[in-house]
Amino acid sequence: MYEKLKAIGLDDKSVKWFHSYLSDRRQFVSVNTSHSQYGNIDCGVPQGSILGPLLFSIYVNDMVQSVNCDLYMYADDAALVISGKSVDQIEMSLSNEMESLSIWLEQNKLSLHLGKTESILFATHKKLSVRNSLNIQCKGVYIAPKSCIKYLGAYFDQDMSFSTIGRNYISKINGKLKFLYRKVSFLDERNKKLLCTSLLQSHFDYACNLWYRSVHANIKHNFQTAQNKVIRYILSYENRKHLTFDDFKKLNMLDVERRVEYIMSSF
């Protein structure tokens with residue numbers, strides 16, 4: 001760890017400070033009134049500490065040097081991405097990269113949780129109809145192939161249709177809105193809008209610049225229908241009341257498509 005801190009430019013005095021912070025730490029297990037003997041902590045950072053996430057990010061920052069493909073990292077999540085003209089070529093390359101990554105992790109006293117590792121093959125419908133999964137192994141363990149994966153809260157389908165993420169968010173919006181309807185007698189318009197903004201709007205917005213343009217028209221329609229339900233709830237309208245531009249303007253809200261365009265423009 002200390003060599004990595006030097007490599008990113010910390011001076012000797014700062015490295016000594018981190019050495020003092022991380023060294024001579026001990027731990028024990030407590031069950032009811034019984035305590036185990038103290039054990040020395042030889043690696044890792046204090047869990048729950050302010051510096052923990054930063055030090056971990058610095059520690060794994062050179063992981064990218066262990067592979068020859070794209071490696072995307074966020075905290076302790078990592079994804080290997082390989083493209084190729086044939087499935088066999090992708091399988092061979094990905095298996096080799098997995099082995100190389102596993103060696104790096106072992107050398108750095110980290111472990112690869114193969115039970116939580118998944119593989120997915122992205123391709124067109126035509127190619128997926130011929131073959132739709134990868135046969136990847138690492139350390140003799142078979143990596144489970146999936147037709148849809150969840151990464152950083154977003155769902156990725158094999159055909160990149162993003163149907164799963166769309167249906168999932170619509171389900172969450174409708175479920176939470178049903179809960180809010182049960183509390184409607186306690187809320188005025190201001191508080192209803194506040195709750196909808198804090199509890200529901202994130203499902204409309206999260207990663208929308210990634211998936212919204214590719215999703216099927218039916219799902220886009222269902223998203224707008226869900227937003228219409230939210231507006232009727234805030235304004236205390238009947239379930240089938242037609243909404244006009246003035247209703248959106250009154251709440252200072254854009255419809256779903258224009259909201260996505262606004263977010264994309266902001267990015």
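Analyst: In the hairpin formed by strand 5 and strand 6, two residues lie between the strands, and Ala75 takes a positive phi near 55 degrees. This is a predicted model, in which local features need pLDDT of at least 70, side-chain atom pairs count only at pLDDT 80 or more, and totals for chains, interfaces and linings use all residues. Residues are numbered from 1 along each chain as its sequence is written, and side-chain values use heavy atoms, with hydrogens and water left out.

Strands (E, at least two residues) and helices (H or I, at least four) are DSSP runs numbered from the N terminus, and two strands pair if DSSP finds at least two bridges between them. Strand 5 (residues 70-74) pairs with strand 6 (residues 77-81) in the antiparallel sense over five bridges. Leu71 has Leu80 in strand 6 as its bridge partner.

Elsewhere, three strands form an open sheet in the order 7-9-8, with mixed pairing. Strand 7 (118-119) and strand 8 (136-138) stand at the edges with a single partner strand each, so one side of each is left without a neighbour in the sheet. Strand 7 and strand 9 (residues 141-145) run parallel and are joined by two bridges. The bridge partner of Ser119 in strand 9 is Pro145. Helix 4 (residues 87-107) packs on the sheet, touching strand 8 and strand 9, where contact means heavy atoms within 4.5 Å. The direction of helix 4 makes about 20 degrees with that of strand 8; axes are lines fitted to C-alpha atoms, for helices over the stretch in contact, and angles run from 0 to 180 degrees between N-to-C directions.
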